[in-house]
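This report concerns one predicted protein model, shown below.

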Amino acid sequence: MKGPDYTMRWFGERPWALLCRDCPRVPTPVGAACLHCGEPIVAGDDGVVQLCIMHGRRPEWRPAHDECNLRAAIGGLAHIEGRCMCCGGTDPPDPPGMTRREAARAAVRAYRQREAAAVFAAALEREERA
Ligand SMILES: [Zn+2]
Ligand SMILES: [Zn+2]
């Protein structure tokens, strides 16, 4: 089990993920640019604030949208669908023509659908075995 990660904070109106249980909450950093997509954080957004350590620079607290933070961990839409370059396909990880935030939302949606389908398939299997 991983202990509390105090290089991470969360913001939002209510807890939106397990990490909200493990990390301290901070006020929503309205107006600050998201680390990943560059769009400003607005009131009502869910997200995290992370301590970013970049070579040769002082550590900095940077906010990111929930979906952009997840996208950084799970990969882009094409990667989730197994057709990006790292998966032996030819597609760029994020769909061309989408903003980085739109691409992050699309990736998270596909990831959650895939997860839900896997949970459903496992439940069916259990039922069949019963
Ligand atoms: Zn973002
Ligand atoms: Zn891939």
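The protein chain has a mean pLDDT of 92, and 95% of its residues reach 70 or more; pLDDT is the predictor's confidence in each residue, from 0 to 100. This is a predicted model, in which local features need pLDDT of at least 70, side-chain atom pairs count only at pLDDT 80 or more, and totals for chains, interfaces and linings use all residues. Residues are numbered from 1 along each chain as its sequence is written, while chains are lettered from A and ligands numbered from 1 in the order in which they are written.

Helices (H or I, at least four residues) and strands (E, at least two) are DSSP runs, numbered from the N terminus.

The domain assignment gives domain 1 (1-74) and domain 2 (75-130), with bounds from an automatic or database assignment. Their centres, taken over C-alpha atoms, are 22 Å apart. In domain 1, 10 residues are in contact with 11 residues of domain 2 (C-beta atoms, placed from the backbone, within 7 Å). Helix H2 (residues 66-74) gives the most to this side of domain 1, with five residues.

Ala 17 lies in the loop between strand S1 (8-11) and H1. The C-alpha atoms of Ala 17 and Glu 128 are separated by 31 Å, and the two residues are 111 residues apart along the chain.

Technical notes. Contact = placed C-beta atoms within 7 Å.
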